[in-house]
Structures are given as C-alpha cells and as structure tokens.
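Please examine the sequence and the three-dimensional model shown below before reading the report.

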Amino acid sequence: MARSAGNTRLKAARQHAGYASQQALADAMTAAAPMLGIRNMQVSARQIRRWESANPPWPRNDHQRLLVHLLQLPIEELGFTSPWSEAKAEGSPARATASVPYMPANSGGSALPLPHANVAVQPATAGSDFAAINAAYRRLYFTVQPAQLHPAVSEHTRLGTQLLAETTGVPRRILAAALAESLLLVGRIEFFDLRQEADADATYVRALQAAGEADDPLMGSAILAHAAFIPGWDGDREKAAERMRAARTYARRGQPSAEFLAWLDAVEAECETLCGYPREALRLINHAEAVLAEAGDEASPEWFNWFSPVRLAAFKGNTQLKAGQPAQAKETLLGVLDVIGAESGKQRSVVLGDLAAAAVAQKAPEEACAYAEQALNQLATAWYATGMDRVSEVRRSLQPWADTDCVRRLDDRLYGWEATLSALRR
C-alpha cells in the first residue's frame, strides 16, 4: 500500500513562507497570536504535524486566522476540507469531479486550487500528453514574446489543474509533475520577463504544491531556488537564504546532477551579489566551477534547460562587475559573448548590458553606449525585462556624459516613439 504524502498544500505553503520546520511555524503562530488579539495561544509542532497529515482536522477559528496571516493564503487553499463541505460531498455522485474556477489569463494560475479526484476519468496517457505540450512551451520560451507566451502557458496550467480532478494513481503523479513544470515556467515569465514579482511569488506557491503532489524533490528544489530570486532582488538576504536552504534540502532528497548543484550555487551567488556581498558570491561561483569540473555522466532533468557552463560564466561576469573588478568582468563577458548561441537571445541582452556597465566603470562612455545599443537591438527581437533593466541602469550611470553625442544617440533609441510606447505597455 502506497504511503500517503499527507497535506502537501500546507507543507508547500509553510516552506515557501520560509518556515523550514513544523516547529518553526508553530513558534511563529504562537508569537503572532498576541498581535492578532489572540490571548493564551500556544501552538505545538504536534499540532502542525496533525495538519500536515493525510487527513488533517479542520482548524479552530483562531488557528485559521493565524495560518492565513502567516502563510498569506485562504484556509481552503491550505489542504483543509470544511465539515460542511464533507457533509455535502456525502450526497454527491461518486464520479463527480472537483470544480475549478475560471482563471483570468494574467493570473498565472495563482488562484487555482489543486483538486482531488474520486474516479479516473482521463486515460492513463493524460499526464504524458500534458508533459509533451510542456516540452514545446519550454523551447518557445527563448524566442516567443513573453506577452504572447504568458497567457498561453497560463491557460495550459488551468487545463492541467482541471485534469488533476479527473486523474488518479501514477498518471496523476505524472500530471502533477508536468503541472509543476508548467507553473514554474509561468513564474519565470512573470518574474524575469514581465517584472510581476507578486504574481510570480504566488505562482511559485502553486508550483510547489503541484511538485508536492508529484513527490518530485528536484522540481521542488528548482521552484524554491527560483523563489529565492524574489527576496534576493529586493535585498532581503535572510529570506533569500532561507529559501535557498530549503532548495538545497530538497535537492539532497533527489538525485541532482553536478549541473543542477552548480546552478544552485549560481542562484545563491546572484542573491548575495544583489544583497551587497559580491565576495561571498564569487566564492560560490568558484565552488560551482569546481563542481562542474568534477562532473560525471549524470544527466539533468529534461526540463532543466536554463543553465550551462556558459550561463555560469555570465553570472560570474556580473558578480565581478559588482565586486569592483570591471576589467576581469569584461574579459569574462566577452568570452560568454563569443560562444553564446543564437537561441539565447534573452541572455545575450543581459551580457551586452553588463559589458556596457563594465565600460562605464572604466570611464569609456562611447564603448558603453555601443554595447547598450546592441542590447537594445537584441531586445527588439526578444523582449526581456531583465535585459532592459541592465540597459536602464547603464543609462543612469552615464549621466555625467549626458551631453555627449553617443549618450544622446542612446537616448534617441531609448525614448523613441516605439520604444517608449512598448515600455509603457509593459
């Protein structure tokens, strides 16, 4: 008899909120109770364990208030079933499937629950069929405009969520794993391409819930590491580090390739850089390089297509730049530019932006403007908000040379009619 995974929704929400253990959430609930006007409240790890079991009891009202306050999700989306819902279900036909509310195209799936199934309505191939569509979207991400791709992939996640209500057993686990990947892609588009940080954070919660349904620790690790970017880019080092610890814990439970482990180092390095610790970031990147140098023949998951030794070098160049090493950064980034493929247009815009920043640091405004214009040319082909952020940062740093011809020419590109309207629409 298969072991039940328990209440994966609550567990995923707890870990996403930064509470690595059941005791940590219990302590947080106890500490938050007085702030909500709840007196004499002591929550134990045993209580959390009961809620994360396969058949969690319906929480008391005060407990519900605390859970919603700390995890920022409605109680119904934390894996609990109300007594009145159970009573209603007793009179329902056994074949009935869960109702999934309509998801607007721009919500990224963040409003959807993960329904349970009573009877398998879909064929055993439903999960693999859904995953096959994922493979196409995975490739299209690098070339299709994010404003066009986002609604399509979001609608795909809505389909996957509905199918979960009609799938059981092994096909359900396959489907849940594919749904987690699809939601991760939505979150990546929202964060890196569209700069919708709040939407991305909510989407990553849903992705982690789906990975929990599938019991896929490597996918869970990838989702948590992506979620670490959000506080990292906001300068919240403690929260980013907490999410990275969770990501590394999940990775240990799976069979991570050397490439996957090096990527975790690279993610943490970027967070450290953005939080003002570039020296620690360089240490992590050096460790990632050593991990890749000692790599064996182990294969990464098929969905892990966003990282390579070249991408690690791009991380390194940006970190060297932030560490006050513009000459070394330029050398590293030029090496990346020489080998980066045509399919990596989004990454190319970032590298060009970093080369422009290195030129500014070396007080070479004409060279900086030339690289910035090349980045704009690339962004006109494949929009990437992260790349545009790099160009915008470069332009701000060029203000001492604002009256030169090269900077004025760059301004004409940045603030032309088409570019300005595109920026406002996005």
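The following sections describe the chain as a whole and then selected parts of it.

## Basis of the model

This is a predicted model, in which local features need pLDDT of at least 70 and side-chain atom pairs count only at pLDDT 80 or more, while totals for chains, interfaces and linings use all residues. Residues are numbered from 1 along each chain as its sequence is written, and side-chain values use heavy atoms, with hydrogens and water left out.

## The chain as a whole

The protein chain contains 20 helices and zero strands. Both are DSSP runs numbered from the N terminus: helices are H or I runs of at least four residues, and strands are E runs of at least two. The chain has 426 residues, of which 52% count as buried. Buried means under 20% relative accessible area, exposed means over 50%, and partly exposed lies in between (1.4 Å probe, protein chains only).

The accessible surface of the protein chain is about 19,800 Å², and carbon and sulfur atoms contribute 51% of that area. Such areas come from the Shrake-Rupley method with a 1.4 Å probe; for residues, only the protein chains shown count as cover. Among contacts with a separation of 6 or more, 69% are made by residues 24 or more positions apart; a contact means heavy atoms within 4.5 Å.

## Helices H11 and H12

Two packed helices are described by the angle between their axes and the distance between the axes. Helix H11 (residues 237-253) packs against helix H12 (residues 258-274) at an angle of about 175 degrees, and the axes are 10 Å apart. The axes are lines fitted to C-alpha atoms, for helices over the stretch in contact, with angles from 0 to 180 degrees between N-to-C directions. H11 and H12 are therefore roughly antiparallel, a term for angles over 145 degrees, whereas under 35 is roughly parallel, 65 to 115 roughly perpendicular and the rest oblique.

From H11, Arg237, Ala240, Met244, Ala247, Arg248 and Ala251 take part in the contact, and they meet Phe260, Leu264, Asp265, Val267, Glu268, Cys271 and Glu272 of H12. Eight of the residues in this contact are nonpolar, none is polar and five are charged. Here Ala, Val, Leu, Ile, Met, Phe, Trp, Tyr, Cys and Pro count as nonpolar, Asp, Glu, Lys and Arg as charged, and the others, Gly among them, as polar.

## Aromatic residues

The whole structure holds 17 aromatic pairs. Rings of Phe, Tyr and Trp (its six-membered ring) pair if their centres lie within 6.5 Å; planes under 30 degrees apart are stacked, over 60 edge-to-face, and the rest tilted. Phe191 and Phe192 form an edge-to-face pair, with 4.9 Å from centre to centre and 80 degrees between the planes. Phe191 is buried at a relative accessible area of 0%, and Phe192 is buried at 8%.

One aromatic cluster consists of Phe260, Trp263, Trp303, Phe304, Trp306, Phe307 and Phe315.

## Individual residues

Asn318 belongs to helix H14 (residues 309-322) and is buried, with 9% relative accessibility. Leaving aside residues up to four places away in sequence, Asn318 touches Thr273, Leu333, Asp354 and Arg390.

Most residues other than glycine have a negative phi. Arg195, however, has a positive phi near 60 degrees; this residue is in the loop between helix H8 (169-193) and helix H9 (197-214) and is buried at 19% relative accessibility. Asp215 also has a positive phi, near 55 degrees. Asp215 sits in the loop between H9 and helix H10 (217-233) and is partly exposed, with a relative accessible area of 48%.
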